[in-house]
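Keep the viewer open beside the text and follow along.

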Amino acid sequence: MRCIVIGGGAAGMMSAIAAAKTGAEVLLLEKNEKLGKKIYITGKGRCNVTNDCDPEDFFANIVTNDKFMYSAYYSFDNSMLMDMITNAGCDLKTERGNRVFPVSDHSSDITRTLTNIMKDLGVQVRLNSQVTSLLAENGTITGLKLKNGQTIDGDRVIVATGGLSYASTGSTGDGHKWLTNLGHTVKECKPALVPLTVEEDFYKDLQGLALKNVEVKLYDEFIPEGTIIPKKKKPIYEGFGEMLFTHFGISGPLIISASSYYAKKAYGKRVTLMLDLKPALSMEQLDKRILRDFEENANKSFKNAIGGLLPAKLIPVIIEAAGIDPDKAVNVITREERERLVNTLKGLRFTVTGSRDFNEAIITQGGINVKEVNPSTMESKLVKGLYIVGELLDVDALTGGFNLQVAWSTGHLAGTSINE
Ligand SMILES: Cc1cc2nc3c(=O)[nH]c(=O)nc-3n(C[C@H](O)[C@H](O)[C@H](O)COP(=O)(O)OP(=O)(O)OC[C@H]3O[C@@H](n4cnc5c(N)ncnc54)[C@H](O)[C@@H]3O)c2cc1C
């Protein structure tokens, strides 16, 4: 049996390994001058290779098409991946949030380890080999064409060309085009795990400010200032953690996660994001805390009395949003003004206008429609002998090592299925 794998990223290398283990003769084609260009930049160069969680958590972190992943995950899960990597000599460690990294903190060690495994299994790797089209006859794959004009015959082809994010790593959407030509459909591709842009100008004054232990709620519509959000109105994303203000808007782990739900449920819309700066305190507790601060600073102006509550950069923004005279003495601040301050601290509003583009997106949401792919084998339901894996599929997850696990699991399942 001969198997050709297109794409030398995470999913492609894993496909090649699994296919070679079945005894097949495997050829891996990569258009770049080296393998794993995207792996190299993962986890800020450290590669968060998977998440050491239980299956329930894994599926809870899949944003799109979690059920499609069942067979793939159970046939090659996080512990099997970790065993494979460590048995090949690359030690791993688990950090906060069950995130798994190589002990060396070098993502290149993951690519090197996979390359060594492929070498031991006799996988033939051809770099600088750009595929330009797939060849099929009567609903069966017959081979592919390279940019240099060469045709390579094959009745088993695994396509692992990735999504559309960080195109400089090689993921330029080639696979999407070939598969569309063969009758597949593509669910709209959108940047996800990406910073968001906001309308309010004040983010510019907050540039560089990082907030910890805050809560955000993202809604699927614009909710005008002054409107009370009804209790039954559920946010499309709700999370607690860290966020960051940048030169264009907002980012940081919380926002990056929120962006996946923005892409899924509100893409392109102008929507409201509420920031709770004091999520650990109820309205009443926060009011009491403010009263105490005011009593301790009875002779100070309002702007000089709230320094204990907030980072300095945020003070003018909160004062403006609460509509309180900054120079007013705190001992004459009214109950109503205090209430406005509490409401602002627990619900600072932002209008999200969009997200940054694919060049800044960790993942592509959308891709090949999974209804057209057999979840037990990753084989196309339209073209026999053709397998589709990794980020190219309409599957995406949150950060934490889950997206690479999608690539490992789908790649492994395709590779082991080529003999069926
Ligand atoms: C900045 C950043 C950080 C990330 N960090 C993490 C992390 O820490 N943990 C995590 O789980 N996920 C992370 N991800 C996501 C993860 O990297 C991807 O989901 C995963 O690498 C996808 O693997 P893939 O093999 O499907 O696609 P890719 O890695 O994109 O590989 C596709 C390969 O196909 C090749 N190719 C494309 N077209 C052709 C062609 N025509 N001919 C031949 N070859 C072709 C490409 O050159 C490329 O090498 C991160 C992503 C980014 C952008």
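Helices (H or I, at least four residues) and strands (E, at least two) are DSSP runs, numbered from the N terminus. Just after helix H1, for instance, Gly 23 takes a positive phi of about 100°. What you are looking at is a predicted model, in which local features need pLDDT of at least 70 and side-chain atom pairs count only at pLDDT 80 or more, while totals for chains, interfaces and linings use all residues. Residues are numbered from 1 along each chain as its sequence is written.

**The whole protein**

The protein contains 13 helices and 21 strands. Its C-alpha trace spans about 85 × 40 × 35 Å along the principal axes. Of its 420 residues, 45% count as buried; a residue is buried if 20 or more other C-beta atoms lie within 10 Å of its own, exposed if 12 or fewer, and partly exposed in between, with C-beta atoms placed from the backbone. Two residues are in contact if their C-beta atoms, placed in that way, lie within 7 Å. Among contacts with a separation of 6 or more, 74% come from residues 24 or more positions apart.

**Around the ligand**

The ligand is surrounded by 40 residues, and the closest are Gly 7, Gly 9, Gly 162, Gly 170 and Gly 390. Here a residue counts as near if its C-beta atom, placed from the backbone, lies within 6 Å of the molecule. Helix H1 (10–21), helix H2 (37–41) and helix H13 (402–417) are the elements that give two or more residues to this shell. By type, the shell divides into 16 nonpolar, 18 polar and six charged residues. In this scheme Ala, Val, Leu, Ile, Met, Phe, Trp, Tyr, Cys and Pro are nonpolar, Asp, Glu, Lys and Arg are charged, and the others, Gly among them, are polar.

**Helix H1 and its strands**

H1 is mostly covered, with 11 of its 12 residues buried. Among the buried ones are Met 13, Met 14 and Ile 17. Their cover includes S1, S2, H2 and H13.

S1, H1 and S2 make a right-handed β-α-β unit, where right-handed is the case if, with the strands pointing away from the viewer, the path from the first strand over the helix to the second runs clockwise. Four of the five residues of S2 are buried, so this strand is largely enclosed by the rest of the structure. Two strands pair if DSSP finds at least two bridges between them. Some pairings, here and further along the chain, are these:

| Strands | Sense | Bridges |
|---|---|---|
| S1 (residues 2–6) and S2 | parallel | five bridges |
| S2 and S7 (residues 124–126) | parallel | three bridges |
| S14 (residues 210–218) and S17 | antiparallel | four bridges |
| S17 and S18 (residues 348–355) | antiparallel | five bridges |

Where is Leu 281 found? It is in the loop between strand S17 (271–276) and helix H9 (283–296). Leu 281 is partly exposed, with 17 other C-beta atoms within 10 Å. Beyond its neighbours within four places in sequence, Leu 281 is in contact with Leu 286 and Arg 289.
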